Amino acid sequence: MAFKLTEFTNPKGLESRLTVKVTRIPKPDITERHDFAFILSDQDSIKHAGQLKGYSAIITSPHVKVDFPDDFTLPVIAVSMVDELKENYIVTIEPATGFMRIVYRPESPHNTIFATDRCNSNCLMCSQPPKDVDDSELINEHLRIISLIDNPPEVLGITGGEPTLLGNNLVKLITALKAQCPHTHVHMLTNGRLYRDSSFTRKLAHVGHPSFISAIPLYGDIAGIHDYIVQAHGAFDQTVEGLYNAAEDGLAVEIRIVLHKQSIPRLEQLAEFIYWNFPFASHVAFMGLENMGYVKKNWETLWIDPVDYMPQLESAIRYLFLRRMNISIYNIQLCLLPRALWSFARKSISDFKNIYLDECTPCSKVEHCCGFFQSQLNRHSEHIHTL
């Protein structure tokens, strides 16, 4: 998700968590102002405090001194990175601390709704380790974010945690997206285990969003491998049943495979298993490892240099491609891939996480390469080189 954390001051007058758009452009119609926090960048930008009436909050820089009248009641948050707040960014602001997070950037192709911190799996390589918390109230914030989107994006992600744990609230979320963003491709990351409840998949399918897909991971062709990787007994059977229910009810599915030491040994058998059992999958994605969350503590259990698994990866992709399945490779640099696989590689890393190394600068293929996660700066393949 497009998070950016800022320094903050304790706001006065903010009683509950606030979700608003930011603006530097005064809104003449006072009835429009409730959806905005006004950025007051200098003393002269607003001559009279009365012109601020109706906004949900005022955002300033700690370096700007603004003399508000004694009877001024709007919450005022001082943000050191105020210059990075662009027009119509959507932010959340915490009441006790003024902690601010950017949750939507209109210009970004990588906006995501973070559905929940909870998850019913505990994957060895989870980049966002789950928390056992009651965050059911977040649905109101999600719906608020959707309502604040002016120009629907081409793509919007839903992630977590496990989004399907929202239950009927997920149905509400997809319904809201259909109404507000009917032409947006909605891409949800889910383990698919709760899709084993066919009544749930039917409810989601009944929403009828024209471009909604569930990206479901499958890490082995046998239960023992998959269940060990996701650290949940019975997950393999539930996922397989969920995939079939989704297909039966008309929900589009993508299958995702994270490549690491535990999933590589039977990668070719997994490719065959996918073809023979899930030919309805609209996409199969092979994904490089992100060095975040549990990966850091499970590094020795998971890490294998991509160069060392290229034979298995090329064989698995060749098998599926020749059977006309739609294939992509995410998060693996072009210099590590055989040229035969370049056409499958995608620029997959979200812009707010994406970096390139010094040796990438003179590379002739850098503009086509996915680059690296920021977390890979000091942990990556030993075989990175300039092309």
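Reply:
**Charged pairs and their surroundings**

Glu-94 is partly exposed, with a relative accessibility of 24%. On this scale, buried means under 20% relative accessible area, exposed means over 50%, and partly exposed is in between (1.4 Å probe, protein chains only). The model is predicted, so local features need pLDDT of at least 70 and side-chain atom pairs count only at pLDDT 80 or more, while totals for chains, interfaces and linings use all residues. Residues are numbered from 1 along each chain as its sequence is written, and side-chain values use heavy atoms, with hydrogens and water left out.

Side chains of opposite charge can pair when their charged atoms come close. A salt bridge here is a side-chain nitrogen of Lys or Arg within 4 Å of a carboxyl oxygen of Asp or Glu, and the count by this rule is 10. One of them joins Glu-94 to Arg-17, with 2.4 Å from N to O. Arg-17 is in the segment before β1 (18-23) and Glu-94 in the loop between β5 (90-93) and β6 (100-104), so the pair links parts of the chain 77 residues apart. Helices (H or I, at least four residues) and strands (E, at least two) are DSSP runs, numbered from the N terminus.

Arg-17 is partly exposed, at 34%. Arg-17 also forms a salt bridge with Glu-141, where the closest N and O atoms are 2.5 Å apart. Glu-141 belongs to helix α1 (residues 138-148), and 124 residues of sequence separate this residue from Arg-17. Glu-141 has a relative accessibility of 13% and therefore counts as buried.

A further salt bridge runs from Lys-21 to Asp-150, with 3.0 Å between the closest N and O atoms. Because Lys-21 lies in strand β1 and Asp-150 in the loop between α1 and β8 (155-159), this pair ties together parts 129 residues apart in sequence. Lys-21 is buried at 5%, whereas Asp-150 is partly exposed at 45%. Through shared partners, salt bridges join Arg-17, Glu-94 and Glu-141 into one network.

Charged ends also sit over rings. The rule asks for NZ of Lys or CZ of Arg within 6 Å of the ring centre and within 35 degrees of the ring normal. Arg-379 lies over the face of Trp-299, 4.2 Å from the ring centre. The charged end of Arg-323 sits over the ring of Tyr-275, at 5.8 Å from the centre.

Tyr-275 leads on to the aromatic pairs. Rings of Phe, Tyr and Trp (its six-membered ring) pair if their centres lie within 6.5 Å; planes under 30 degrees apart count as stacked, over 60 as edge-to-face, and the rest as tilted. The whole structure holds 11 such pairs. Tyr-275 is partly exposed at 23%, and Trp-276 is exposed at 64%. Phe-321 and Phe-344 are also edge-to-face, because their centres are 5.4 Å apart and their planes stand at 80°. Phe-321 lies in helix α9 (residues 310-321) and Phe-344 in the loop between β13 (327-330) and β14 (354-355), so parts 23 residues apart in sequence are tied together. Phe-321 is partly exposed at 47%, while Phe-344 is buried at 10%.
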